Amino acid sequence: MSSNTSQKVAVLGTGKIGEALLSGMIRGGWAPTDLLVTTRRQERADELRTRYGVTPVSNADAAKQADTLILACKPQDMAKLLDELAPHVTPDRLVISAAAGITTAFIEERLTESTPVVRVMPNTPVLVDEGMSVISAGSHASTEALAHAEAIFGAVGKTLRVPETQQDACTALSGSGPAYFYFLVEAMTDAGILLGLPRDKAHDLIVQAAIGASVMLRDSGEHPVKLRENVTSPAGTTINAIRELENHGVRAALIAALEAARDRSRELASGNNN
């Protein structure tokens with residue numbers, strides 16, 4: 001077990017993502033007695049204590065007691081949270097932000113100088129231990145700090161280190177990515193109904209096709225073009241479907257959609273919430 005797991009870790013703002021992290025960390029070897037949580041509601045605090053054996057505390061007490069602080073609040077609540085934490089956070093602590101669009105510079109300028117900050121963009125499949133968490137170092141974060149963040153978020157999926165300048169692009173691809181697949185499954189299920197299948201059967205067929213295709217992409221080592229060509233026989237059904245997708249500009253639409261998501265992530269990072 002890593003020595004990291006003997007340190008105290010606090011999750012501040014323990015919603016679904018924060019709870020998924022807690023659960024994953026406990027399965028990964030962290031002792032519940034070393035895990036602190038903060039919540040807005042007492043009922044939620046009691047629920048987490050009962051379910052995981054973790055200790056609910058105030059934000060200020062979390063900052064005083066924990067070696068690592070994971071800020072899992074909503075982006076619009078970050079400034080207020082940092083105001084609460086700032087008097088108690090010393091540079092020997094590690095601050096990890098999991099709030100979309102919040103830069104490490106935004107956090108660093110509100111805390112004691114030289115406090116190490118790491119920015120992480122997880123996506124919702126962390127709820128089923130299949131997440132992708134994109135990790136970037138702030139100005140004062142060491143390699144050890146990045147490794148510690150990877151150990152925590154690696155408990156609920158894969159991690160990837162990128163320069164912070166690439167975070168907006170990663171948000172568009174990975175943070176928002178699951179939604180595009182849900183959208184596609186929804187559209188394909190509707191198509192199945194149009195073709196005469198009951199909704200439940202259409203859903204099951206499409207979901208398993210998606211899972212099978214994903215596992216093949218991950219495990220085969222083949223390029224997606226090669227895998228697609230393996231399904232696409234001459235003058236067959238698949239190539240007719242692909243032609244229609246190209247005729248309707250689906251590839252171009254996807255590129256435009258991801259650019260739009262990237263641009264919105266930049267706006268949010270610059271403080272434009274309108």
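# Briefing on a predicted single-chain model

The chain has 12 helices and eight strands, where helices (H or I, at least four residues) and strands (E, at least two) are DSSP runs numbered from the N terminus. This is a predicted model, in which local features need pLDDT of at least 70 and side-chain atom pairs count only at pLDDT 80 or more, while totals for chains, interfaces and linings use all residues. Residues are numbered from 1 along each chain as its sequence is written, and side-chain values use heavy atoms, with hydrogens and water left out.

**Overall dimensions and burial**

- Taken along the principal axes, the C-alpha atoms of the chain fill a box of roughly 70 × 40 × 35 Å.
- Of the 274 residues of the chain, 36% count as buried; buried means under 20% relative accessible area, exposed over 50%, and partly exposed in between, with a 1.4 Å probe and protein chains only.
- Among contacts (heavy atoms within 4.5 Å) between residues at least 6 apart in sequence, 62% join residues at least 24 apart.

**Nonpolar cores**

- A nonpolar core here is a set of buried Ala, Val, Leu, Ile, Met, Phe, Trp, Tyr and Cys residues joined through side-chain atoms within 4.5 Å.
- The largest nonpolar core has 27 residues, of which Ile70, Ile96, Val118, Ile152 and Phe153 touch the most other members.
- Two or more residues of this core come from each of β1 (9–12), α1 (16–27), β2 (35–38), α2 (42–52), β5 (94–97), β6 and α6 (143–153).
- With five residues, α6 gives the most to this core.
- A second, separate core has 21 residues, including Leu36, Val57, Ala63 and Ile107.
- Ile152 touches Val9, Leu21, Met25, Trp30, Thr68, Ile70 and Ile96, when residues up to four places away in sequence are not counted.
- In soluble globular proteins, nonpolar side chains tend to be buried together.

**Ser97 in strand β5**

- Ser97 lies in strand β5 and counts as buried because its relative accessibility is 0%.
- Apart from neighbours within four places in sequence, Ser97 is in contact with Leu71, Met78, Ile102, Ile107, Val118, Arg119 and Val120.

- Two packed helices are described by the angle between their axes and the distance between the axes.
- Axes are lines fitted to C-alpha atoms, for helices over the stretch in contact, and angles run from 0 to 180 degrees between N-to-C directions.
- The axes of α7 (residues 167–175) and α12 (residues 250–269) come within 8 Å and cross at roughly 130°.
- α7 is therefore oblique to α12; angles under 35 degrees count as roughly parallel, over 145 as roughly antiparallel, 65 to 115 as roughly perpendicular and the rest as oblique.
- On the α7 side, the contact with α12 is made by Asp168, Ala169, Thr171, Ala172 and Leu173, and on the α12 side by Leu258, Ala261, Arg262, Ser265, Arg266 and Ala269.
- These residues divide into six nonpolar, two polar and three charged, where Ala, Val, Leu, Ile, Met, Phe, Trp, Tyr, Cys and Pro count as nonpolar, Asp, Glu, Lys and Arg as charged, and the others, Gly among them, as polar.
- α7 also packs with helix α8 (residues 177–194), at an angle of about 35° and with the axes 5 Å apart.
- Ala172, Leu173, Ser174 and Gly175 of α7 meet Gly177, Pro178 and Tyr180 of α8 in this contact.
- The contact of α7 with α8 has four nonpolar, three polar and no charged residues.
- Within α7, the buried residues are Gln167, Asp168, Cys170, Thr171, Ala172 and Ser174.
- The elements covering the buried residues of α7 include β6, β7, α8 and α12.

**Ala202 in helix α9**

- Ala202 is placed in helix α9 (residues 199–220), and it counts as buried because its relative accessibility is 3%.
- Leaving aside neighbours within four places in sequence, Ala202 is in contact with Thr189, Gly192 and Leu197.
- Ala202 and Glu186 are 16 residues apart in sequence and 9.9 Å apart in space, C-alpha to C-alpha.

- Ser114, although not a glycine, has a positive phi of about 75°.
- Ser114 lies in the loop between α5 (104–108) and β6 (117–121), and counts as partly exposed because its relative accessibility is 35%.
- Asp129, also a residue other than glycine, has a positive phi near 60°.
- Asp129 is in the loop between β6 and β7 (131–137), and its relative accessibility of 31% is why it counts as partly exposed.
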